[in-house]
Amino acid sequence: MANRDPNENRRAPANEPDWLTLGQAAKYLGVAQSTIRKWSDQERLKAFYTPGGHRRYRRRDLDTFLERSGRGRTAAQGGPLVLIVDDDERLREYVRVNLEMEGYEVREAGSAEEGLAVLEDASPDLILLDVMMPEVDGWEMLQRVQERHGVGSIPVIMFSGKVDEDSMAEAATRGAQGFIGKPFNPQQLIASTKQLLPV
């Protein structure tokens with residue numbers, strides 16, 4: 001019997017419809033792409049590789065992972081929902097990964113308008129809201145959230161690159177539950193999130 005190529009099981013068929021790219025797999029599981037990479041590197045989630053070195057994921061492996069691991073959509077449905085609203089995509093992903101590793105479900109919005117649209121679809125347990133955004137800023141979004149849902153009905157932690165006593169006082173006056181300076185230690189944000197919204 002001929003020896004099998006040890007990499008044979010790591011090669012994804014080119015035209016198999018049931019294969020997902022890294023981005024598609026991340027969307028399918030409801031997590032960030034960096035989280036998928038980490039799970040693959042830890043061999044918690046089986047990845048196959050194209051001749052060019054790109055990761056591919058088999059849909060049934062993703063389903064098995066969801067059932068087995070308690071992560072992704074299955075776990076997220078039982079975890080607190082946090083909405084991150086910030087126009088900095090890299091920062092959103094960074095915060096999202098940290099919170100997902102703590103067991104939270106996370107939704108992202110790149111603007112206040114997107115954040116308000118998410119609120120029409122789902123009511124989060126906590127909003128992490130950047131103050132400095134183009135067009136509609138965080139203060140205005142906070143006001144709109146309060147007008148629609150009531151003051152204090154959804155806890156809000158504001159964050160901003162501009163940190164002074166006036167901003168912190170304004171956040172408290174306007175009904176936000178916290179204010180954190182940016183750039184910030186993600187552990188500080190996680191600690192604030194866990195304090196307001198335990199997993």
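Me: How do the axes of helix H2 and helix H5 cross, and within what distance do they come?

Reply: This is a predicted model. In it, the axes of helix H2 (residues 33-41) and helix H5 (residues 89-101) cross at roughly 50° and come within 9 Å.

Me: What makes H1 roughly perpendicular to H2?

Reply: Helix H1 (residues 22-29) packs against H2 at an angle of about 100°, and their axes are 8 Å apart. Because the range for roughly perpendicular is 65 to 115 degrees, H1 is placed in that class relative to H2. In this pairing, Leu 22, Gly 23, Ala 25, Ala 26 and Leu 29 of H1 meet Gln 33, Ile 36, Arg 37 and Trp 39 of H2.

Me: Which residues of helix H6 are buried, and how do you know that they lie on the same side?

Reply: Helix H6 (residues 112-121) has Ala 112, Gly 115, Leu 116, Val 118 and Leu 119 as buried residues. They cover an arc of only 155° around the axis, so they are on the same side of H6. The general principle is that an α-helix has 3.6 residues a turn, so residues three or four places apart point the same way. The exposed residues Glu 120 and Asp 121 are on the face of H6 turned away from its buried side. Among the elements covering the buried residues are strand E4 (81-85), strand E5 (105-109), strand E6 (126-130) and helix H7 (138-149).

Me: Why is Thr 193 called buried?

Reply: Buried means under 20% relative accessible area. The value for Thr 193 is 0%, so this residue counts as buried. Thr 193 is in helix H9 (residues 186-196). Its contacts, leaving aside residues up to four places away in sequence, are Val 82, Leu 99, Tyr 104, Leu 126, Leu 128, Ile 157 and Pro 198.

Me: What makes Ile 157 count as buried?

Reply: The relative accessibility of Ile 157 is 1%. The limit for buried is under 20%, and Ile 157 is therefore classed as buried. Ile 157 is part of strand E7 (residues 156-160). Beyond four places in sequence, the residues that Ile 157 touches include Leu 126, Leu 128, Gly 178, Ile 180, Leu 189 and Thr 193.

Me: What share of the protein counts as buried?

Reply: Of its 199 residues, 44% count as buried. The protein has nine helices and eight strands.

Me: Where is the predictor's confidence lowest and highest among the elements?

Reply: Helix H4 (residues 72-76) has the lowest mean pLDDT, 39, while E4 has the highest, 94. Over residues 1-16 the pLDDT is below 50, and this stretch has 13 contacts in the model beyond near neighbours in sequence. Residues 70-77 also stay under 50. Across the protein the average pLDDT is 79, with 82% of the residues scoring at least 70.

Methods:
Residues numbered from 1 in each chain as written. Predicted model: local features only at pLDDT ≥ 70, side-chain atom pairs only at ≥ 80, totals over all residues. Heavy atoms only, no water. Helix = DSSP H or I, 4+ residues; strand = E, 2+ residues; numbered from the N terminus. Buried < 20%, exposed > 50% of the residue type's maximum accessible area, 1.4 Å probe, protein only. Contact = heavy atoms within 4.5 Å. Arc of directions from axis to C-beta. pLDDT = per-residue confidence, 0-100. Axes fitted to C-alpha atoms, helices over the stretch in contact; angles between N-to-C directions. Parallel < 35°, antiparallel > 145°, perpendicular 65-115°, else oblique.
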